[in-house]
Structure formats: structure tokens, C-alpha cells
Amino acid sequence: MGKRDDQSYTFMQNKTLAESNQNGVEVYLFEVFKLREYVYRGRVELAHNPYQEQQADEKGNMRNVWVFPVKLKDEGFVYEPSKTLIYEALVVREKKAKRMTDQNLRMRAETASKKVARKQVVTTTFERDIYVAEYVKRCAKGVCQLCDHRAPFENKQGEPYLETHHIVWLARGGDDSVDNTVALCPNCHRKMHILDSPDDISKLISAAKGRNTK
């Protein structure tokens, strides 16, 4: 508890949580991946002693906070958020980081936990046709169909490295066909998934049509 300034170990529910393994108070964990949506996980108990670290408060100012490591006490509710939900939560945190001052951002980065969190997620995988992918790459002859530059490097087999991209994404209902697939360098492939520019899409449509009429 405490959204601004340094947190106190003995302040209200912080004290209750710190002593929860001895005071008989039941503690329940809810996770938030989307604003105002709470996912129940189950009863928890303190796994280790609480400790302090530096974090930004709601105004972006660095302060001392108390962290309470917990673990599920029972089997709990197994929840595997979608990859999309995890991504959306990450975008929110990235926007928050961009609004921080240089000084606060540096302090937050220097005091960040060195341990990487792991999360089980549910994701949808599309099984792409290997013949479509190979045909499109072969027709590109090692040249990216968006920037028109040679592949930036060769793979271990000495082949120009390009990646296949669906002009209309499979997740949006696009076909896994030669008419909807192009070969891109890694940089342009990432560009399409971040910007998805209408001008770039038009160029890729033309490139696919030009290849298929040869």
C-alpha cells in the first residue's frame, strides 16, 4: 500500500501481509493483465521475507517500495493468458516508461530486477506450407521484395537469409498461398509487423503479382 513516496513496512495492510504467515489472515492473489480486469489465482502465503527495492510511483518518481514474495498455498486456478493479452500489457508498461524523465528512467533501469519473469501463455500457431515458403524465397533470388536489397547475411548452408511474410496476415484471415506471400529481409519483415504501411502493402501486392505472372 502507498502509491506515492516511500512505502512503510508497518503501514496498514503492508503490516498485515508481512505478518500473514503468523497472524492467521488468509491472503488471496489476483493478477491484472488488463485495466480493471482481475484474474483470481488462489490462496497464497509468503514464500520469503519481504524486501525493499526502488520503483517509480504513480507520478514516475523513484521511491523505496516493499516487495512481498508469495507462492500459491493450494493448487490454485490455472490461468494461461493469451499471447495477445501479455503483449497488450507490455505496451502499457512501455508507454509508462516513455513518459518518465531521463533521470527517473535511468534510476529505474539501474535498479531493475536481474531475474527475468516467466509466464505460461496460450498462443495460436499456424502450420505454414513449406512448399509455398520455399517457392517464394527461391523466386526472390536473395533480394528483399520490399527494400530491394540483398539479404543481409547467409544462413549456415550459404543461402541468402530471407523470411516469408503474408501480406494479409494469417491472424487476419489471409491465405497461405503464393499470391499472399512474399520474401523479406528481417528488417523489413519487422517493419511490416510494426507499421503495416498501406504504401508498403501495395508494393508487396505488386511484387507478388509480378512474380506470379512470370
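1. Basis. This is a predicted model: local features need pLDDT of at least 70, side-chain atom pairs count only at pLDDT 80 or more, and totals for chains, interfaces and linings use all residues. Residues are numbered from 1 along each chain as its sequence is written, and side-chain values use heavy atoms, with hydrogens and water left out.

2. Helix α6. This helix covers residues 186-194. Helices are DSSP runs of H or I with at least four residues, strands are E runs of at least two, and both are numbered from the N terminus. Cys188, His189 and Met192 are buried in α6. Viewed down the axis, the buried residues of α6 fall within an arc of 105°, so they line one face of the helix. That arc is taken from the directions from the helix axis to the C-beta atoms. Asn187, Arg190 and Ile194 are exposed on the other side. Buried means under 20% relative accessible area, exposed over 50%, and partly exposed in between (1.4 Å probe, protein chains only). Just after α6, aspartate 196 has a positive phi of about 50°.

3. Aromatic pairs. Rings of Phe, Tyr and Trp (its six-membered ring) pair if their centres lie within 6.5 Å; planes under 30 degrees apart are stacked, over 60 edge-to-face, and the rest tilted. The count is four aromatic pairs. Phenylalanine 30 and tyrosine 40 have ring centres 5.2 Å apart and planes at 55°, so this pair is tilted. Phenylalanine 30 lies in strand β1 (residues 27-34) and tyrosine 40 in strand β2 (residues 37-46), so the pair ties together parts 10 residues apart in sequence. Phenylalanine 30 is partly exposed at 44%; tyrosine 40 is partly exposed at 36%. Ring pairs link Tyr28, Phe30 and Tyr40 into a cluster.

4. A stacked pair. Phenylalanine 153 and tyrosine 161 are stacked, at 5.0 Å centre to centre with 10° between the planes. Phenylalanine 153 is partly exposed at 42%. Tyrosine 161 is partly exposed at 29%.

5. Charge over a ring. The charged end of arginine 172 sits over the ring of tryptophan 169, 3.7 Å from its centre. The rule asks for NZ of Lys or CZ of Arg within 6 Å of the ring centre and within 35 degrees of the ring normal.

6. Cysteines. A disulfide here is a pair of cysteine sulfur atoms within 2.5 Å. The count is zero disulfides. For cysteine 144, the nearest cysteine sulfur is that of cysteine 147, 3.7 Å away. That distance is too far for a bond. Cysteine 144 is buried at 0% relative accessibility, whereas cysteine 147 is partly exposed at 26%.
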